[in-house]
Amino acid sequence: MAPSKPHHTLPITLIGKTDLMRLLQEIGALDEQLSQQNLQQRAQGGQETVVPAISAGLRQVSDQLGLDITSQSGRVRARDVITSYLHEAPLFQITFASEPPLDQLRLVVEWMRQNIHGLALVQTAVQPAIIAGCIIRSSNKVFDFSVREAFDTAAPHLLKEVGAL
């Protein structure tokens with residue numbers, strides 16, 4: 001089965017649903033700030049609009065979509081697209097024995113977006129009992145690449161070999 005190739009691929013800086021929800025909050029705050037500036041301009045007359053700082057993630061998404069995030073219509077479109085990503089993107093939970101370094105997690109996410117789905121979102125969890133490796137869960141599959149699973153699978157053979165000594 002060939003991987004699904006969506007029209008867009010999320011920037012690597014956006015890893016999970018939390019990152020997308022943060023973008024939606026940022027768009028709301030940007031909306032509010034620009035609306036306040038617009039009201040002040042009307043009341044005080046002709047001041048220049050100062051565009052608030054925009055995060056790298058929001059800048060990347062708006063550039064990728066070809067949107068002017070400083071315009072009302074650009075923000076509405078960005079909000080709609082990000083909301084659709086939240087509902088449509090496949091979510092993978094990856095459980096590690098310890099918290100993975102961010103650069104390594106980004107490599108995993110990059111691989112998933114290139115080989116599985118361009119909008120893949122990743123949620124991480126930590127479970128020290130898996131010893132090493134990881135467990136990957138999607139909506140309908142579980143892949144256990146943990147050392148604990150390898151030991152559990154090999155246990156009968158190991159016990160047989162130890163018993164033979």
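Select aspartate 31. This residue is buried, with a relative accessible area of 13%. (Buried means under 20% relative accessible area, exposed means over 50%, and partly exposed lies in between, using a 1.4 Å probe and protein chains only.) The model is predicted: local features need pLDDT of at least 70, side-chain atom pairs count only at pLDDT 80 or more, and totals for chains, interfaces and linings use all residues. Residues are numbered from 1 along each chain as its sequence is written, and side-chain values use heavy atoms, leaving out hydrogens and water.

**Stop 1: the partners of aspartate 31**

(A salt bridge puts a side-chain nitrogen of Lys or Arg within 4 Å of a carboxyl oxygen of Asp or Glu.) The pair links distant parts of the chain: aspartate 31 sits in helix α1, arginine 75 in helix α3 (residues 72–88), 44 residues apart. Is arginine 75 buried or exposed? Arginine 75 counts as buried, at 3% relative accessibility.

Arginine 79 counts as partly exposed, at 26% relative accessibility. Show the three side chains together. Asp31, Arg75 and Arg79 are linked in a network of salt bridges.

**Stop 2: along helix α1**

Select residues 17–44, which make up helix α1. Pick out arginine 22 and aspartate 19. They form a salt bridge, their closest N and O atoms being 2.9 Å apart. Both lie in helix α1, three residues apart, about one turn of the helix. Aspartate 19 counts as buried at 16% relative accessibility. Arginine 22 is partly exposed, at 46%. How many salt bridges does a search of the whole structure find? It finds three.

**Stop 3: a loop**

Select isoleucine 131. It is in the loop between β2 (121–126) and β3 (134–137). What is its phi? Phi of isoleucine 131 is near 70°, a positive value in a residue other than glycine.

**Stop 4: the whole chain**

Show the protein chain as a cartoon. It has five helices and four strands.

Zoom out. The C-alpha atoms fill a box of roughly 90 × 35 × 20 Å, taken along the principal axes. The radius of gyration of the chain is 23 Å, whereas a compact globule of 165 residues would have one near 15 Å. (This radius is taken over C-alpha atoms; the globule rule is 2.2 Å times the number of residues to the power 0.38.)

Colour the chain by burial. Buried residues make up 33% of the 165 residues. Then look at contacts, meaning heavy atoms within 4.5 Å. Among contacts between residues at least 6 apart in sequence, 68% join residues at least 24 apart.

Technical notes. Helices (H or I, at least four residues) and strands (E, at least two) are DSSP runs, numbered from the N terminus.
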